[in-house]
Amino acid sequence: MIIAIDGPAGSGKSTIAKKVAEQLEFTFLDTGAMYRMVTLYNLVDSQKLEDEQTIIQSLNKINIKVVKNHFYLNNQLVDKEIRMDKVSRNVSYVAAIKEVRNYLVSLQREIAKNNNCILDGRDIASVVFPNADYKFYLNASITERANRRFKEQDKQSLEEIKQDIKNRDMYDMTRKESPLIKVADAVEIDTSNLSINQVCKLILAEVKK
Ligand code: CDP
């Protein structure tokens, strides 16, 4: 069985998907983390991003492994590094490259192939698994989403985070390759005023219907 969860930054996808996966004893795959790994690899001197051709070529040198929601880039654990704000600021550019998407989408399908799997991302219901058994689109107000991210860190101001999220959403929603969309048959949940448990309950109720 495949459960697809899409939505913009900070809508609660990963937190919720992880919990639902625990409850259902499903594999959880955070596809955003995979785009973050390719981005991390391509940050020169860990600051400036490589050009598009170099990023595409880097796919031959990259080995991505996901083991129980831990992320290994060429056998190095990068759980913390992929969440750095310089990665967040550059990931949408990398994720808009067709070759990068083709590479990661096949990897995602391969990982999910023989498992009951819940995946979260931007194009899960539209591209990766258009025939998913259940599709959800999580959303929340920009203020709430920025607040959530603000509380997770201590480096950026609330305003900076809000601007970063807005820019990233705009880029993700308007790109040519697999833009973030809500597919017609997805159940939309506005998580602005809901607790993590409340959202999990709504999803589990749909899945158990
Ligand atoms: O956790 P957060 O919502 O901040 O982002 P993420 O899920 O880690 O995804 C980071 C970025 O990767 C997104 O802003 C997209 O540009 C890209 N992404 C994508 O294009 N397709 C996916 N299936 C997942 C992420």
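Student: So at what angle do α7 and α8 pack?
Tutor: Keep in mind that this is a predicted model. In it, helix α7 (residues 142–151) packs against helix α8 (residues 158–174) at about 120°, and their axes are 9 Å apart.

Student: What do you call that arrangement of α7 and α8?
Tutor: Oblique. Angles of 65 to 115 degrees count as roughly perpendicular and those over 145 as roughly antiparallel, so α7 and α8 end up as oblique to each other.

Student: Is the crossing of α7 and α8 left-handed or right-handed?
Tutor: α7 passes α8 in a right-handed crossing.

Student: And which residues meet there?
Tutor: On the α7 side you have I142, T143, R145, A146, N147, R149 and F150. From α8, they meet L158, I161, K162, I165, K166, R168 and D169. By type, that contact has six nonpolar residues, six charged and two polar.

Student: OK, switching to strands. What's the order in the open sheet?
Tutor: The order is β5-β6-β7, three strands with antiparallel pairing. β5 (64–67) and β7 (76–77) are the edge strands, so to speak, each pairing on one side only.

Student: How many bridges are there between β6 and β7?
Tutor: Two, with β6 covering residues 70–73.

How values were computed. Residues are numbered from 1 along each chain as its sequence is written. This is a predicted model: local features need pLDDT of at least 70, side-chain atom pairs count only at pLDDT 80 or more; totals for chains, interfaces and linings use all residues. Side-chain values use heavy atoms; hydrogens and water are left out. Axes are lines fitted to C-alpha atoms, for helices over the stretch in contact, and angles run from 0 to 180 degrees between N-to-C directions. Helices (H or I, at least four residues) and strands (E, at least two) are DSSP runs, numbered from the N terminus. Angles under 35 degrees count as roughly parallel, over 145 as roughly antiparallel, 65 to 115 as roughly perpendicular and the rest as oblique. A crossing is left-handed if the near helix is turned anticlockwise from the far one by less than a right angle, and right-handed if clockwise. Contact means heavy atoms within 4.5 Å. Ala, Val, Leu, Ile, Met, Phe, Trp, Tyr, Cys and Pro count as nonpolar, Asp, Glu, Lys and Arg as charged, and the others, Gly among them, as polar. Two strands pair if DSSP finds at least two bridges between them.
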